[in-house]
Amino acid sequence: NILAILGLLILLVMVLLNTPFVQRRTAVIVSSSLENRLGTRVDIGGMHWRIPDNIVLDSLRIEDREGETLLSAERVAAKVEWMPLIRDKVIYVRNIRLFGPSVNVYADSVGAEPNYQFVIDSFRRERTDSTSATIPSLRINSLIVRDAALNYNILNEPATPGVFNAKHIGISHLNTHLSLRALDADSLSLMVRQLSVKEQSGFALDDLNFRVVANREGATVVDVNLGLPESRLRIDTLRADYSSGLLLQGRVLPSTIVPSELAAFVPGLAGVESPIFVSTTFKGNAQQFEVPHLSLSLGKRDVDMLLTGEANLRPDAGRHVKGYLHRLSVTENGWSAVGVLAESLADAFAQQSSTADVAEDPSLRETIAVWAKRVGMKCICGHDYGNPSPVFGVTQAVNEEFPNGVDVAGMCWRGVCV
């Protein structure tokens, strides 16, 4: 009889929690609690409980302190396992599903307080003893996001239509499926099964999947497959060891890159449609680098080359850069393709790395000179010396950096460092 009564009570609670009246009242109570905590408006259209571990939120909307929408979602659904938390202090989420989430982040200027700062402040808890509290481990078996959007803007910075701008990011149609195998204080295990996204600059990522494992000593990324509409990058292994300095090593499997698909980041590549085929292995750090294999080809093997090389910038090892060309063939079409690519890269460099920046930033000029001397360069060369265009500040910059004068031929110049 007792078990029957207990079963009836549980059944009654389940029925009540799924009635429209109770769902609306629960949504009001939760949204009011969040409003009191955040100090801003929170709307929840509906809240559904499915005892013991399912919860669904409909029509979620959170405003920032200016009354603008900070976060919204058509539906948020989660299934949480409670026993691992009670028994092992592990937050185990069986699945999370986000439908139509949208995040709107902005700040008035660089360094200004962002519009989400109040959320962080609201949930920040003072700790009198940092060792007394233990952060539970987190596991998410499946996280699915459908048709998400993210907008990030620094309001006083100019926009650059058609060109990626880190101060004005507009992400849409973000779809992903991932599994967070482990997230602890000193380790991470993550599998991205699928990720696709579009950015307002025109860049489109059709598919990305990989696995990453990281701890205090290093990180390893394996089975990377990155797909654009016409490009495909495949990385077998990418390893970063930071236990004693930073050591990178990796292997890029035969991949195809169409330069024009990167025009959002390098506008000069917009007209370069010939695919580049590449595969390589590499290993090294900031002072010593090895490339045991680098295979490059353009178009229909109009340019085909195989290279190996190494660089050592350590003073005690005799600074040197060595390269070995094992194979090279270039057709007539290949020379044209190389010319187009070189011209596009030169235009891109001129547009994005204007020498006017060097002229206006003395610390940058000093850094370049110090770096050149440190690696043993005897001179620095450049062009546009004497160019009357106000876009170029080369003449002033060179004269200030080399007060003893430089060698000039036309608009080309050479300054002696040592």
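These are my notebook entries on what I looked up in this predicted model.

**Entry 1: ground rules**

I number residues from 1 along each chain as its sequence is written, and my side-chain values use heavy atoms, with hydrogens and water left out. Since the model is predicted, local features need pLDDT of at least 70 and side-chain atom pairs count only at pLDDT 80 or more, while totals for chains, interfaces and linings use all residues.

I began with I5, which sits in helix 1 (residues 2–17). I take helices (H or I, at least four residues) and strands (E, at least two) as DSSP runs, numbered from the N terminus. Is I5 buried or exposed? I noted it as exposed, because its relative accessibility is 51%. My cut-offs are these: buried is under 20% relative accessible area, exposed is over 50%, and partly exposed is in between (1.4 Å probe, protein chains only).

I5 also belongs to a nonpolar surface patch with L6, L9 and L12, and together they have about 380 Å² of accessible area. Patches are made of residues with over 30% relative accessible area and no salt bridge; like charges are joined within 9 Å, and nonpolar side chains (Val, Leu, Ile, Met, Phe, Trp, Tyr) within 5 Å. Accessible areas come from the Shrake-Rupley method with a 1.4 Å probe, and for residues only the protein chains shown count as cover.

**Entry 2: salt bridges**

How many salt bridges does a search of the whole structure find? I got 11. A salt bridge here is a side-chain nitrogen of Lys or Arg within 4 Å of a carboxyl oxygen of Asp or Glu.

I looked up R94 and E81, whose side chains meet in a salt bridge at 2.7 Å, N to O. R94 is in strand 4 (residues 90–99) and E81 in strand 3 (residues 69–81), so this pair ties together parts 13 residues apart in sequence. R94 is partly exposed, at 33% relative accessible area.

Next came D186 and R216, a salt bridge with its closest N and O atoms 4.0 Å apart. This pair links distant parts of the chain, 30 residues apart: D186 is in the loop between strand 7 (168–183) and strand 8 (187–199), and R216 is in the loop between strand 10 (207–215) and strand 11 (218–227). D186 counts as partly exposed at 37% relative accessibility, whereas R216 is exposed at 61%.

Then I checked D223 and R211, where the closest N and O atoms of the salt bridge are 2.9 Å apart. D223 is in strand 11 and R211 in strand 10, 12 residues apart. D223 is partly exposed, with a relative accessible area of 37%, and R211 is partly exposed, with 37% too. I also wrote down a network: R41, D43, R61 and E63 are joined by salt bridges that share partners.

Two strands pair if DSSP finds at least two bridges between them. Strand 12 (residues 232–241) and strand 13 (residues 247–257) run antiparallel and are joined by eight bridges. They form a hairpin with five residues between them, and G245 in the turn has a positive phi of about 80°. Strand 13 is also joined to strand 14 (residues 276–284) by eight bridges, again antiparallel.

Which residue in strand 13 is the bridge partner of L238? I found G250. G250 also stands opposite F282 in strand 14.

S255 is in strand 13 as well, and with 2% relative accessible area it is buried. A polar atom of the S255 side chain lies 2.9 Å from the backbone nitrogen of R234.

**Entry 3: aromatic rings**

My search of the whole structure gave three aromatic pairs. Rings of Phe, Tyr and Trp (its six-membered ring) pair if their centres lie within 6.5 Å; planes under 30 degrees apart count as stacked, over 60 as edge-to-face and the rest as tilted.

F203 and F265 are an edge-to-face pair, 5.1 Å centre to centre with 70° between the planes. F203 is buried at 17% relative accessible area, whereas F265 is partly exposed at 34%. F282 and F289 are a stacked pair, 6.2 Å centre to centre with 10° between the planes. F289 is partly exposed, at 31% relative accessible area.

Technical notes. Polar contact = N/O pair within 3.5 Å; in protein donor to acceptor, adjacent residues only side chain to side chain.
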